[in-house]
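Subject: Structure handover

Hello,

Here is the structure I promised to pass on. Please open it beside this email and follow along. My notes come after it.

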Amino acid sequence: MKNIAADDLIAFLNTSPTPWHATAEAAQRLEARGVNRLREDEPWTLRPGHSAFIVRGGGTLAALRIPSGFSVRKPLPFHIIAAHTDSPGLRLKPRPPRPVQDYRQWGVEVYGGPLYNSWLDRDLGIAGRVFRPGEREGKLVRFEANPVRIPQLAIHLDRTVNEQGLVLNAERHLVPVTGQGGGSNSLEALLERETGAPFSDLTFELCLYDTQPAAYGGLDDAFVYSGRLDNLAMCHTALEAFLAAGTAETAESAQAVQVVVLFDHEEIGSVSGHGAKSNFLAAVLERAALSLGLDREAWLRLLPQSFLFSADMAHALHPNYVEKHDAQHFPIPNRGPVLKANANLRYATDAAAAARFHDWARRAGVPVQNFINRADLACGSTVGPGLSADLGIPAIDAGNAMLSMHSAREMCGADDPAQMTALMREFLKG
Ligand SMILES: [Zn+2]
């Protein structure tokens, strides 16, 4: 059977090797469906029935839709889905290292918490954004015709690696080989050709990425294999749910202002001018309210009535490491969305918010799985608790189940994107 949601997820992943490409792809999908772009440095005029989106910093985007039933006398709360556009990985340093013999190499910094080993012996492309002096909006670039590589040390030179594990030093062992000798196809030359400016004038942020395209996997296509599933898979379902909720009939009857916000910088702690700890979401919500004729007091009254759906991928039970999971609270791929909870609120979910989440799932006809971490393992976190705290909005954390999180090539269930999209559509209705 055709799996439209997973087909489209695969297409989204393949156009999005970096957070800036993912944001540009999201913007393009929104514009193609008639959602207008607003600029933060211009006045906004929003009306009931309008939808709009805003990009900040190239990697963060918010889209919102005002239902036609919204009025100053009967304002509607915000139903917000938040996800993140960035993924852990390796980013190129500004200048190449000193050569070892006639190998050509380019040094990297580690972004977030990737599994280092997963970057070895892969055909790696280089993508990101480049700026000429004075430019505000950089140019997106993507080079993969001539992949580079981080070669693993041969087992003959590392005899104990299979028993004692692979230890990689980020400064010394992750430096990709980009060529040999004085060839004309240097990274400097590629960037100069793309921008028409001398390399010494350019500034850039460039990521390595696996050039093997996202694809179905498993003997029955039960899985999707790709880099960046954490968290482009949730960016994708949030966007698709938002676009589906824009059909005339749902837009009319919606009981909430529908908001999707996709943040950069989650993997490095969200503290930046456009990360989840910036004023971006608060500013967008308040400006939307003011533009619709509400005053600040009315906006503050809306916040506790609003709801935040923090969407980030969840750890599926690993069949080779069942002991790493709580025996009663582990998700499995293809069995539906995963509600994540933690007594110390590393995930935002509390019982009251979970009760509402279960209601939306029931209305969408979607099963819900539960995840809590083993009590003796440190729990991960998301943008959920921080946003919920900053805005005073009740929140849950949920996502789809996946394996190999933070690997250069992860995997998730192929049936889950459609189920999560259905649940998010129900949530956005209000
Ligand atoms: Zn994530």
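Ser404 is partly exposed, because 19 other C-beta atoms lie within 10 Å. A residue needs 20 or more to count as buried. Bear in mind that this is a predicted model. Ser404 sits in the loop between β20 and β21. Its phi is positive, near 60 degrees, and Ser404 is a residue other than glycine.

Now go to Leu345. You will find Leu345 in the loop between β17 (338–340) and α9 (351–364). Leu345 also has a positive phi, of about 55 degrees, although it is not a glycine. Is Leu345 buried or partly exposed? Leu345 counts as partly exposed, because it has 17 C-beta neighbours inside 10 Å.

Look at β13 and β21 together. Strand β13 covers residues 223–226, and strand β21 covers residues 410–413. They pair in the antiparallel sense, over four bridges. One place to check is Val224, whose bridge partner in β21 is Cys412.

Zoom in on Asn231, which lies in α5. A cis peptide bond joins Asp230 and Asn231, with omega about 15 degrees.

**Helix α1**

Go to residues 4–14, which make up helix α1. Which of its residues are buried? They are Ala5, Ala6, Leu9, Ile10, Phe12 and Leu13. Seen down the axis of α1, these buried residues fall within an arc of 160 degrees, so they line one face of the helix. What do they pack against? Their partners are α2 (19–32), β12, β13, α5 and α11 (416–429).

Move to residues 124–131, which form strand β8. This strand is mostly covered, with six of its eight residues buried.

β11 (residues 203–210) pairs with β8 in the antiparallel sense, over eight bridges. There, Arg129 has Glu205 of β11 as its bridge partner. β9 (residues 139–148) also pairs with β8 in the antiparallel sense, here over six bridges. In that pairing, Leu124 has Val148 of β9 as its bridge partner.

**Two domains**

Finally, zoom out. The protein chain is divided into two domains. Domain 1 takes in 4–87 and 227–429, while domain 2 is 89–212. Taken over C-alpha atoms, their centres are 31 Å apart.

How many residues of each domain are in contact with the other? On the domain 1 side there are 14, and they are in contact with 19 residues of domain 2. The domain 1 side divides into five nonpolar, seven polar and two charged residues.

That is the handover. Have a look for yourself.

Best wishes

Notes:
Residues are numbered from 1 along each chain as its sequence is written. This is a predicted model: local features need pLDDT of at least 70, side-chain atom pairs count only at pLDDT 80 or more; totals for chains, interfaces and linings use all residues. Two strands pair if DSSP finds at least two bridges between them. Helices (H or I, at least four residues) and strands (E, at least two) are DSSP runs, numbered from the N terminus. Domain bounds come from an automatic or database domain assignment. Two residues are in contact if their C-beta atoms, placed from the backbone, lie within 7 Å. Ala, Val, Leu, Ile, Met, Phe, Trp, Tyr, Cys and Pro count as nonpolar, Asp, Glu, Lys and Arg as charged, and the others, Gly among them, as polar. A residue is buried if 20 or more other C-beta atoms lie within 10 Å of its own, exposed if 12 or fewer, and partly exposed in between; C-beta atoms are placed from the backbone. The arc is that of the directions from the helix axis to the C-beta atoms.
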